[in-house]
Amino acid sequence: MARTLESLLDRMEIIELLHRYATAIDDHDWARLATCFTPDAVALYGPVLGRREGIAAIEQTCRTSLEPLDASQHIIGTHEIELDGDRARARCYVHAQHTKAGTPGGDNFVIGATYLDQLVRTPDGWRIRERELRMLWQEGNPKVLGG
Amino acid sequence: MARTLESLLDRMEIIELLHRYATAIDDHDWARLATCFTPDAVALYGPVLGRREGIAAIEQTCRTSLEPLDASQHIIGTHEIELDGDRARARCYVHAQHTKAGTPGGDNFVIGATYLDQLVRTPDGWRIRERELRMLWQEGNPKVLGG
Amino acid sequence: MARTLESLLDRMEIIELLHRYATAIDDHDWARLATCFTPDAVALYGPVLGRREGIAAIEQTCRTSLEPLDASQHIIGTHEIELDGDRARARCYVHAQHTKAGTPGGDNFVIGATYLDQLVRTPDGWRIRERELRMLWQEGNPKVLGG
C-alpha cells in the first residue's frame, strides 16, 4: 500500500509540475520557472524557436516570446504520465493563447500543441530534463507573437 | 502515511469542487452551485459584473448571465492548490465559451480567465469563501453575453 | 484507509482512461483505443454520426472522421467521477480541434462537447461500456470534417 501511495504522489507532483510551468511563464515568474527544470535541461521548441540548452536559455526564449504581450494563458489538459523509478515520461496538451491589444490583424493568436517530457526525480522533487513542443494547430493572428 | 493520504484527498476534493462549480453553472443547477460556496461567500467577478456577496447574489449573477444562452462551457484546467490546515488557496484557468445562435455578429463569445480562490474546510467538505475572476483574453462576439 | 486509497486509485485510473481515449484517437492508435472500451461498448456520437455498437464500429467511425485530417486535438478537462463499486459514471468536457490545411473556408473546426460515460471495472482495469457525446458549441469551418 505504501508503494501505491508513493506512485500516486509521484503522479500528482508531476501533474503539478506541468501546471507550474504554465503559470510560471504566464506570470513571468522566472524564479518559479527555474523550479520546473534541471539546470542543464533541454527544450526543443520546434522549427521557429529551436533547441534551448540550460535553464538560462529556456528562460530567455520564454521572456522574448511572452514579455511583450498583454497576456498569455497556457491551459494544460489531458496529461499522461509513465513512471519508471526515478525517471518518468509525461505528455500533456496545451491550449496556448497569446494576446496583445491593437495588433494589426487581430489581438489573439492561439497555438494547440503537445508537450513531451522526460523527467527525473531530484532531491528537490521532480524536474523536467527534456521538453519537446510539438505543434498541432494554430488560429488567429501570428503577428501577435511577431510572426 | 495517513497525513500524506489526507493531503491527497484534500487536493482531489478541491479539484472536484473547482469542476463542480463549472458544470453547475453550465447546467443551471443552482442547488449544486450552492454546494460550492460558504453561505456568506464573496465573488469578485471583475469590472463589469462587480462584487457579489452571499450565495443568493452569486446565483443571481450567474443566472442573469447564463440562462439566456443556448449553452455555456467552462473548461477548467491547470489547477494549483496550496493547503494550510483547514484553509486553502486554489488557482485555476478557465476557457469559458458562451453560445447563442442567431446573435448578430456571431454565435460565440469565449473568455479566458483565472479563478483565484480562498477555501475553507467545513463539516460538509471544502467550500469557496472568496473567488476572484481575472480576465486574460476574449474572442468572438461580446453581444452573446449582452455586451 | 485502504478503502480510501482504493477509491483514489479508481478515480485516477478513470481520469487516465478519459485522457487515453483522447490521445489514442488523435494519434490514430487504434489498438490503444480498444483498451478504452469493453468489446461490446456503445458510443452515442450524436445526430450526425449516430449510434455505434462494438469496438470495431467505434474505431471505424473515429478513423473515417479523423484519418483524413492533418491533426486533431481532444483537450479533456473538468472531469467528474461517481464510483459505485465495480461501476462508475464519468463526465468530462472536451475541446476538440480538427485541422486540415487548405480547406476552402478555413483550416480549423472546433467542437465543444461533453462526454457522458458509464464504466465498468474489468480484470484489465476500468473500461467504458457506454459513451454519449453531447455537443455544446462549434466554431470555424465544418468542411474540415466534411460537413
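In this predicted model, Ile14(A) is in contact with Ile81(A), Ala88(A), Ala90(A), Leu119(A) and Trp126(A), neighbours within four places in sequence left aside. Ile14(A) also belongs to the largest nonpolar core, which has 105 residues. Together with Ile14(B) and Ile14(C), Ile14(A) is among the residues with the most contacts inside that core.

In chain A, six strands form an open sheet. Their order is E2-E1-E6-E5-E4-E3, and the pairing is mixed. Strand E2 (51–53) and strand E3 (71–84) of chain A stand at the edges. Each has a single partner strand, so one side of each is left without a neighbour in the sheet. Neighbouring strands are turned by 15° against each other on average, direction ignored. Strands E5 (108–122) and E6 (125–140) of chain A pair in the antiparallel sense over 14 bridges. Leu116(A) has Glu132(A) as its bridge partner in E6(A).

Two helices of chain A lie across strands of that chain. Helix H1 (2–27) lies across E3, E4 (87–99), E5 and E6 of chain A, at about 160° to E3(A). Helix H4 (55–66) lies across E1 (37–44), E2 and E3 of chain A, at about 55° to E1(A).

Chains B and C also touch. The contact takes 18 residues from chain B and 15 residues from chain C. On the chain B side, helix H1 (2–27), strand E3 (71–84) and strand E4 (87–99) each supply at least two residues. H1(B) gives the largest share, nine residues. By type, the chain B side divides into nine nonpolar residues, eight polar and one charged.

Methods
Residues numbered from 1 in each chain as written. Chains lettered and ligands numbered in written order. Predicted model: local features only at pLDDT ≥ 70, side-chain atom pairs only at ≥ 80, totals over all residues. Contact = placed C-beta atoms within 7 Å. Helix = DSSP H or I, 4+ residues; strand = E, 2+ residues; numbered from the N terminus. Nonpolar A, V, L, I, M, F, W, Y, C, P; charged D, E, K, R; others polar. Core = buried A, V, L, I, M, F, W, Y, C linked by C-beta atoms within 7 Å. Buried ≥ 20, exposed ≤ 12 C-beta atoms within 10 Å, placed from the backbone. Pairing = 2+ DSSP bridges. Axes fitted to C-alpha atoms, helices over the stretch in contact; angles between N-to-C directions.
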